[in-house]
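The following note sets out several points on the structure shown below. Please read each point with the model in view.

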Amino acid sequence: QVTLKESGPGILQPSQTLSLTCTFSGFSLSTYGMGVGWIRQPSGKGLEWLANIWWDDDKYYNPSLKNRLTISKDTSNNQAFLKITNVDTADTATYYCARLVGVSVMDAWGQGASVTVSS
Amino acid sequence: DIQMTQSPSFLSASVGDRVTINCKASQNINKYLNWYQQKLGEAPKRLIYNTNNLQTGIPSRFSGSGSGTDYTLTISSLQPEDFATYFCLQHNSFPFTFGSGTKLEIK
């Protein structure tokens, strides 16, 4: 059974760095073709793809967030991470991680981590 | 970026109805189109992947079709548990992009 769970700080102040962790089970990021993606959703709004990381450490980012994103992984502990620098109120959202399997992307999602940016 | 135009934004229907939801891409996405269902306070659930492949465990009343730039999700006979919001996702090219969503409500 594949499960993913996001964790984060809950609340942070503008200009800080948001650090999110995705802890998963049922698959390994050392397996060919596997990956983890990050997606966010402001309350009551649509979904925005942020970044992907693959088993071979290949990474893709949404250019709309320019150079603020960093995705990484810890294969031995079944975790993926996302950092967003210099946050502001527009980064307030629920953040999800999802599994990627080759061209069958985002088949399983975590429950989401709510993040509020407020001074 | 590929823009995904999803329609309608809202849909009011009754149990037993057949409904269709559409996503139009701004360019050819080679059938790399997924459909998701999201209920309030829950994570999205994948229904269909790569245009017409039914996710394991999803009822067969859900189906997908399309090619090129035009894609459709069909629910053949609405059930009470189907009232939710539906999104499409294109993963043909980066950045991946989602449709804006269709809220399916009970008439």
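1. Chain B carries 9 positive and 7 negative side chains, and the centres of the two sets are 4 Å apart. Lys and Arg count as positive, Asp and Glu as negative, while His and the chain ends are not counted. Each charge is placed at NZ of Lys, CZ of Arg, CG of Asp or CD of Glu.

2. This is a predicted model, in which local features need pLDDT of at least 70 and side-chain atom pairs count only at pLDDT 80 or more, whereas totals for chains, interfaces and linings use all residues. Residues are numbered from 1 along each chain as its sequence is written, chains are lettered from A and ligands numbered from 1 in the order in which they are written, and side-chain values use heavy atoms, leaving out hydrogens and water.

3. Chain B has eleven strands and zero helices; strands (E, at least two residues) and helices (H or I, at least four) are DSSP runs, numbered from the N terminus.

4. In chain B, 46% of the 107 residues are buried, that is, under 20% relative accessible area (1.4 Å probe, protein chains only).

5. The largest nonpolar core has 27 residues, and A:L18, A:C22, A:V36, A:W38, A:L82 and A:Y95 have the most contacts inside it. Such a core is a set of buried Ala, Val, Leu, Ile, Met, Phe, Trp, Tyr and Cys residues joined through side-chain atoms within 4.5 Å. With four residues, β3(A) gives the most to this core.

6. Another core, of 23 residues, lies apart from it and includes B:V19, B:C23, B:W35 and B:A84.

Technical notes. Buried means under 20% relative accessible area, exposed over 50%, partly exposed in between (1.4 Å probe, protein chains only).
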